[in-house]
Amino acid sequence: MMNTNTRQSTLYIDLLSIMAAFSVICLHASLPVMCSEGGGEYWLVGHFIAFVNIYAVPVFFMISGATLMDYRRRYSTLEYFKRRTFRIVVPFLAWSLIAALPFYLIYHPDQQISVRSVINYIFGVNYMTVYWFFWPLFAIYLSIPVLSLLPRRVRAFSYLIVYACFSYSIAPLLRQFLGVNFPAGLFSPISAGFIMYPLLGWILASVDIPKKSRTVIYALGILGYFLPTCLCTMQFHEFFYRFEGLTTLLYSCAIFVFFRYTDWSWITRSATLNKLVSALRVTTFGIYLIHMFISDLFVHYCGIDGGMSGLMMMLIAPVPWFVLCALLVYFMRKIRFLKLIMP
């Protein structure tokens with residue numbers, strides 16, 4: 001049995017994972033409004049909901065860094081790749097093929113099918129567009145064995161983070177507001193894409209952060225949330241709604257640090273809450289895999305649009321949607337032959 005101190009040290013990761021899964025659902029519940037022509041009459045509500053929950057994807061990547069960067073202490077690199085393959089790659093491929101069924105039978109019945117088109121549609125996430133998340137996740141998994149070998153890890157990671165932040169967070173901001181165009185050849189080739197988030201996740205989870213530094217992180221996180229929220233025009237929404245953006249980075253770091261340093265002992269003291277968190281934490285990946293199946297069918301058959309139905313979906317649907325997905329995943333994991341696609 002895990003002792004109390006160990007449980008408290010890992011509990012915040014479980015809670016972050018659960019909250020991020022719920023926030024992904026909240027993000028996607030706003031899609032009918034946010035993607036409606038002209039923004040719809042409730043676009044502003046969707047705008048606020050989107051930026052409240054935008055931390056979800058960066059935090060998922062940060063959790064990967066926090067939990068996997070030290071994998072060598074637990075198992076070999078071969079075992080690392082075996083686990084990533086069976087826990088992530090196989091379910092992704094399986095559910096992509098499952099998503100092909102409604103794609104051809106319901107949404108695009110006249111679409112021609114061939115082996116090449118199926119492969120290209122899986123690579124292009126045409127069957128399930130929210131699966132775009134897996135390609136940067138796979139890139140992170142492929143990078144971790146090399147990154148984990150770097151000596152003086154805190155210094156090396158800090159350098160890579162600063163370089164990536166300048167290249168993909170600060171430079172676009174300067175271009176947008178000051179018209180300063182840095183040459184693309186200057187941008188970091190070694191910490192491109194989302195790789196700064198697992199690096200940040202490991203640092204924020206491993207290094208002790210003094211209270212004064214945490215206060216600064218929280219203040220920057222609040223700024224990172226309110227700046228894009230207050231600039232609530234469609235033009236600025238498209239610019240700030242970037243997972244690599246500076247405001248998103250600051251906001252996501254603040255969320256991560258807040259969860260790490262919050263006292264969650266009231267959960268560890270409750271057997272019921274402990275069981276609930278333990279049951280939910282193993283469903284988060286499965287929730288991401290299946291949640292859009294439910295949403296797409298609901299939107300398709302109920303005619304959800306950018307009007308009142310879209311507003312109700314944003315405000316009311318996320319909680320029952322999350323609970324339904326969690327229950328489905330929980331019971332699917334109990335069925336032996338489904339364990340391969342629902343780890």
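How many residues does helix α10 have, and how far does the helix reach from its first C-alpha to its last? In this predicted model, α10 runs over residues 211-230, which makes 20 residues, and it spans 28 Å, close to the 28 Å expected at 1.5 Å a residue. Its buried residues are R214, I217, G221, G224, Y225, P228 and T229. These sit on the same side of α10, because they cover an arc of only 115 degrees around the axis. The face turned away from that buried side carries the exposed residues K212 and C230.

As for confidence, the chain has a mean pLDDT of 89, with 93% of its residues at 70 or more. Among the elements, helix α4 (residues 56-68) comes out highest with a mean of 97, while helix α11 (residues 234-240) is lowest with 66. Where pLDDT is low, the predicted coordinates should not be read in detail.

Then there are the salt bridges: a search of the whole structure turns up three. One pairs R281 with D14, their closest N and O atoms lying 3.8 Å apart. This pair ties together distant parts of the chain, helix α14 and helix α1, 267 residues apart. D14 counts as buried at 12% relative accessibility, whereas R281, at 38%, is partly exposed.

Another joins R153 to D70, with 2.6 Å between the closest N and O atoms. Here too the partners come from distant parts of the chain: R153 belongs to helix α8 and D70 to the loop between α4 and α5, 83 residues apart. Both R153 and D70 are buried.

E79 and R83 also meet in a salt bridge, at 3.1 Å from N to O. Both lie in helix α5, four residues apart, or about one turn of the helix.

Definitions and conventions. Residues numbered from 1 in each chain as written. Predicted model: local features only at pLDDT ≥ 70, side-chain atom pairs only at ≥ 80, totals over all residues. Heavy atoms only, no water. Helix = DSSP H or I, 4+ residues; strand = E, 2+ residues; numbered from the N terminus. Expected span 1.5 Å × (residues − 1). Buried < 20%, exposed > 50% of the residue type's maximum accessible area, 1.4 Å probe, protein only. Arc of directions from axis to C-beta. pLDDT = per-residue confidence, 0-100. Salt bridge = Lys/Arg side-chain N within 4 Å of Asp/Glu carboxyl O.
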